[in-house]
Amino acid sequence: MSHNVRAVAVALVLAVTAGGASVAPAVAAPAATGASAAADLSQEQAVRVPEKGLLRGGGPSGFLTVHEQARDRFTWTRYADGGTVELPAGTYRGSVGSDVIVKQNGPTSYELRDMATGAAPVSVDSSSLGPASDLLRAAGRTLLLAVEDGSGGTSLHLVSAGDDGRFVDHEVAGLPADAAFGIYDLSVPDVFALAYTGTVGGTAQRRLAVVDLATGTIADDRALPASATDVSASTTHVAWAEKDAQGRLTVVSARRGETATVRTPLTGTGTGLRVDVMGNWVTYTLHGGADASAPNPLFALMARPLAGGDAVKVMDSTKALYGSGTVQGGTLAGGEGVYRIALGAAGRPVATLRASSGLATALTLTYEFVPTTLRFRTDAPQPTLIWHVGRNNAVADFELVHKATGKRWTRGEGLVNGNIGLTAATWDGVFPDWSAARNGAYTWTLTAKPLNGIGPDLVRTGTLTVDSGTGPHDYSDSGAPDLLVRNDDGRLLSYDFRQILTHYAHVSERTDHGGGWNTYDRVISTGDVAGSRFADVVGRDRSGVLWFYQGTGTSLARRIEVGGGWQTYDKITAGSDLTGDGRADLLAADKTGVLWLYHSTGSATKPFAPRIRIGGGWQTYDRITATGNIAGARGGDLVARDRDGVLWLYLGKGDGTFTTRTRIGGGWQEYDEIVGIGDADRDGRADLLVDGKAMYRGQSLSYYKGTGDVRAPFAPRRKLSTPNTFNDDNGLVF
């Protein structure tokens, strides 16, 4: 819409993107963008719009822009070679369809510059008309000035400087003495549309005058609805936009001199709809679609035949428009820039890109960082996947899918940072049900949606691998520990301890390792003793034979007999690397109190070397638990509870022996089970799990976080919520 204090366009905020290339490009390319209805759009040459330049005029040889933040910085850009001219500081206007620009130096002082010829500026002084004048538009070397007469009326003057330098003024006759100017426009160089209010035929009314600039006369004057919000005229037609009390918009056109109109109700609402007549077409658009936060069909530049009929899309969005022929905006095919609008071979308006802003109109990806591998046991604080999209008015959602299980991790809409166009997904390696992410291949999909509704969604897909290694109690191939239990029915089950630790009442991650385990009087999680990298299991049957089950990640291999005579031991534990070879070892205390070390071999067929005597006196303890390295020494450690309930720490030296014991504290007799669960919270230190004396074992779990401090190796006890699933698995053995 054109009026005295009109904002030509909404400033477009550009997305700030990080430098550098993508470290790990995605597998698939961005989705292809669709073209606008102007299928024959083409780019004539690689001319650039000045950075943050806002269109202020355009002629045959170039266009005028002002810097969006520094409103006294103007630039003229030539189409022929893309060269730019930085103009002296000031305020400039372009001329419709002309290379002449106008600088206003004061209330009555103007300066005309012909940017095509580079001729010396021509000065125009309108002080003879009064102390001030309002420059409405410039048509070539002619200025359209509104001059108030001091009594409330306004007159329209066509002012120029003659070839001999003399001041030339022509007042347009036919306007009422009390005319007050409202909205106006110069869609084509020689016809000016002016909406005014004044007394005509003794009645105050709102009217539309069409001024023929060649003759300086009013060629058409008609009543105009009070709801009209923009006007336009050509040599044959007039057009205007109406907005009713409910905000509904209508484009109206009529042949000059005739009262019959063609009305087109529009879908969409907004303020500032721009209407222009071009040939046998009327175009309409709402500026600012590029950085809008909601869709609106009026963001497109549409053209409708003046005689009525279906509208066609000329551009996908507009930012500024000068006359009906020069538009700043964008198309999905050509991107953002300055376009020429002219009638094409098919007789309908077509947009041709004359100068590019270097930005896409469709949502695009400008930067991407997706690690090929995520390691949740070592990556700190958490791995982040990063994308920068081409603008900030977008939302994005992200999904990761574990190929083997189909488990998903998602982040919903709203990922795009509104200031810098940044999309980031930071994953802590936990699924929505609080279970730990399993190792293996994942597919990922990023879907970014433009909030303005312009163009298709941006979709990126790719693959990555989670490789968090494994741990002493990892039976789900996640690198995080699982709780290994045997129920009353003799089935061996493993539960994701991450779910238990996070107070997740219903533990859904349960793996059933089969039945028949009630044949054993002891079942022990050993950690990796056979070199497969996965945690293994040993079970002692009631005749004293020890059996070995090698872990395969999420299951256990067929059992292998280790040997007999193990009934001599009343305490067996495993899980600490006592010898520094990277494999967990096994400890057994016999009934006479001698502690024996079984060094792991890395072989599934013979997992343990012959036993080595560590020392006697261990009959004073009723529980021993290999914990892994909890206090920062070289080897795996051991805790032992004496018959008075005092817990003692033995630091491993890394050579199969321990330092002198250190007292941890008393009161540990209340627990039936003490389990070295491994690094449950991924802080790099081993933790401890205990189960209290209860009617049903497994119903009173508590957790001791490892501190790494030999003087106080565990933080205060934290009670854990009892998983509902455990109600079906009474009689747990850890």
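**View 1. A salt-bridge network joins Arg-137, Asp-185, Arg-274 and Asp-276.** A salt bridge here is a side-chain nitrogen of Lys or Arg within 4 Å of a carboxyl oxygen of Asp or Glu. This is a predicted model, in which local features need pLDDT of at least 70 and side-chain atom pairs count only at pLDDT 80 or more, while totals for chains, interfaces and linings use all residues. Side-chain values use heavy atoms, with hydrogens and water left out, and residues are numbered from 1 along each chain as its sequence is written.

**View 2. Zooming in on Asp-276 and Arg-274, whose side chains form a salt bridge.** The N to O distance comes out at 2.7 Å. Both Asp-276 and Arg-274 are buried (buried means under 20% relative accessible area, exposed over 50%, partly exposed in between; 1.4 Å probe, protein chains only).

**View 3. Lys-407 and Asp-433 meet through their side chains in a salt bridge.** Here N to O is 2.9 Å. This pair links distant parts of the chain, 26 residues apart: Lys-407 sits in the loop between strand 32 (394-402) and strand 33 (408-411), and Asp-433 in the loop between strand 35 (422-426) and strand 36 (440-450). Strands (E, at least two residues) are DSSP runs, numbered from the N terminus. Lys-407 is buried at 16% relative accessible area, and Asp-433 is buried at 14%.

**View 4. A salt bridge ties Asp-221 to Arg-207.** Their side chains meet at 3.2 Å, N to O. Asp-221 belongs to strand 16 (residues 217-223) and Arg-207 to strand 15 (residues 203-212), 14 residues apart. Asp-221 is partly exposed, at 30% relative accessible area, whereas Arg-207 is buried, at 12%.

Conventions:
Helix = DSSP H or I, 4+ residues; strand = E, 2+ residues; numbered from the N terminus.
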